[in-house]
Amino acid sequence: MTDNTEYVQWFRQSSPYINAHRGKTFVIMFDGDALQHPNFDTLVQDIALLNSLGVRLVLVHGARPQIDAVLERLDITSQFHNDLRITDGEALSAVKAAVGMVKADIESRLSVGVPGSPMHGARIRVVSGNFVTAKPLGVINGVDYQHTGEVRRIEHQAISNLLDQQNVVLLSCSGYSPSGEMFNLGVEDVARHAAVSLRADKLVAFGEQDGLSDDDGTPLEDLTCRELESRLTGLSGSQRWHADMALRCVRQGVPRVHLLSYQSDGALLQELFTREGSGTLISQDAYDQLRAANIDDVAGILDLLKPLEEDGILVRRSRELLETEIHRFYVIERDGLITACAALYPYSDDEAELACVAVHSDYRGSNRGQRLLEQLEQEARKRAYKRLFVLTTRTAHWFVEHGFKAGQVSELPQEKQKLYNFQRNSKVFFKSL
């Protein structure tokens, strides 16, 4: 019964995302290694689910390990320079064979619909074709890359028309020149151009790693372009390629790029239909929006404060009181959920109270409380306040860590002293600005 209850709650919580994603265009990129992983079948099932929910899907696949395997069978050694394959005539034959096999494999997996299978009744129409116009990479520093190329143009209008007809469009890591030559392309290059030219709402890139991590191995949930750029030098291999692609995509107008792992079962659904997500989200601005509260935030703030009030950590506030004081609040919002709040109450020309500092239980341990504190300190300085004070029963150490010093009730403004609740016995802290 408990499992069913949890499932029902999850399904209800996912409904805003289902509504938000319907009719949106997502480009989903996976390299050749993903196709060889046992999780790829479940990833295909999750892609089919997105299609059934009305998401417009463009899939972009790589084929590097498959090309290597064909070359090995043909006893051909492929040359690389700066981690790029030099595609000569023999290698091009291997590219054609491998890309064809991979494309057929993906199409067959998306066609499964036997009774009892997760995709029963899906009836997905997969369309592929010469939608990618390519050009040769040319000679760089004296090295002729021959049939290794780069994207020149994506036939975005033709793709968009197919998406309008509920088709899934499949793009390969290859393209054709106007003269009919075939070129071996980087999967990241195709995915980026497709996402930008289609004005996609998201690009989801699957790699080996579960997004990006900090120097100590802590997963990074979300990064702005500026934050990602500062970390590029510490990345290598496919992580660097994916990060470069994400950075260029967002700067060229794609709102969000998600870096996920194909080794993590259900990563796609978790990233798109839960607040916690999976992997790393890259966006132009911070994913969590810190802003002044408005009247529409009252219900969200009350939900945030309720468990803290029940535990006696915060003083109870009625809806009516909160509505009259909402202009004093700042909030951090994530996908419609108020994850943190704090308020600033002036008591004189020189002094103000920092109050109602709260962070959602699912997001504690992040820097949300610190961000709110910095925002309210900045606001207090703008208003020329000289000092902030705060009353707390449980989080004294946190305020001390952020520059507050213990004080006495007698040091509070007279008006606040009259309101002080000696039964709560809150500790008093001050911070000079």
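## Asp-303 and the basis of the model

Asp-303 is found in helix 11, which spans residues 298–310. Helices here are DSSP runs of H or I with at least four residues, strands are runs of E with at least two, and both are numbered from the N terminus. Asp-303 counts as exposed because its relative accessibility is 57%. Buried means under 20% relative accessible area, exposed means over 50%, and partly exposed lies in between (1.4 Å probe, protein chains only). Asp-303 and Val-315 are twelve residues apart in sequence. In space they are 14 Å apart, C-alpha to C-alpha.

The model is predicted: local features need pLDDT of at least 70, side-chain atom pairs count only at pLDDT 80 or more, and totals for chains, interfaces and linings use all residues. Residues are numbered from 1 along each chain as its sequence is written, and side-chain values use heavy atoms, with hydrogens and water left out.

## Helix 4 against helix 5

Helix 4 covers residues 64–73, and helix 5 covers residues 89–109. They pack at an angle of about 125 degrees, with their axes 8 Å apart. That angle makes helix 4 oblique to helix 5. Axes are lines fitted to C-alpha atoms, for helices over the stretch in contact, and angles run from 0 to 180 degrees between N-to-C directions. Under 35 degrees counts as roughly parallel, over 145 as roughly antiparallel, 65 to 115 as roughly perpendicular, and the rest as oblique. The crossing of helix 4 and helix 5 is right-handed. In a right-handed crossing the near helix is turned clockwise from the far one by less than a right angle; anticlockwise is left-handed.

Helix 4 brings Gln-66, Ile-67, Val-70, Leu-71 and Arg-73 to the contact (heavy atoms within 4.5 Å). In helix 5 they meet Ala-91, Ala-94, Val-95, Ala-97, Ala-98, Met-101 and Val-102. The contact residues divide into ten nonpolar, one polar and one charged. Ala, Val, Leu, Ile, Met, Phe, Trp, Tyr, Cys and Pro count as nonpolar, Asp, Glu, Lys and Arg as charged, and the others, Gly among them, as polar.

Asp-105 is also found in helix 5. Asp-105 counts as partly exposed, at 25% relative accessibility. Asp-105 and Leu-272 are 167 residues apart in sequence and 25 Å apart in space, C-alpha to C-alpha.

## Aromatic pairs

A search of the whole structure finds six aromatic pairs. Trp-398 and Phe-399 form one that is edge-to-face, at 5.1 Å centre to centre and 90 degrees between the planes. Phe-399 also pairs with Phe-404: the ring centres are 5.4 Å apart and the planes stand at 80 degrees, so this pair is edge-to-face. Rings of Phe, Tyr and Trp (its six-membered ring) pair if their centres lie within 6.5 Å; planes under 30 degrees apart count as stacked, over 60 as edge-to-face and the rest as tilted.

Both Phe-399 and Phe-404 are buried. Phe-399 has a relative accessible area of 4%. Trp-398 is partly exposed, at 22%. Elsewhere, ring pairs link Tyr-347, Phe-389 and Phe-430 into a cluster.

## Two loop residues with positive phi

Gln-146 has phi near 55 degrees, a positive value in a residue other than glycine. Gln-146 lies in the loop between strand 8 (143–144) and strand 9 (149–154). Gln-146 is partly exposed, at 38% relative accessibility.

Asn-425, a residue other than glycine, has a positive phi near 55 degrees. Its place is the loop between helix 15 (414–419) and strand 23 (427–432). Asn-425 is exposed, with a relative accessible area of 56%.
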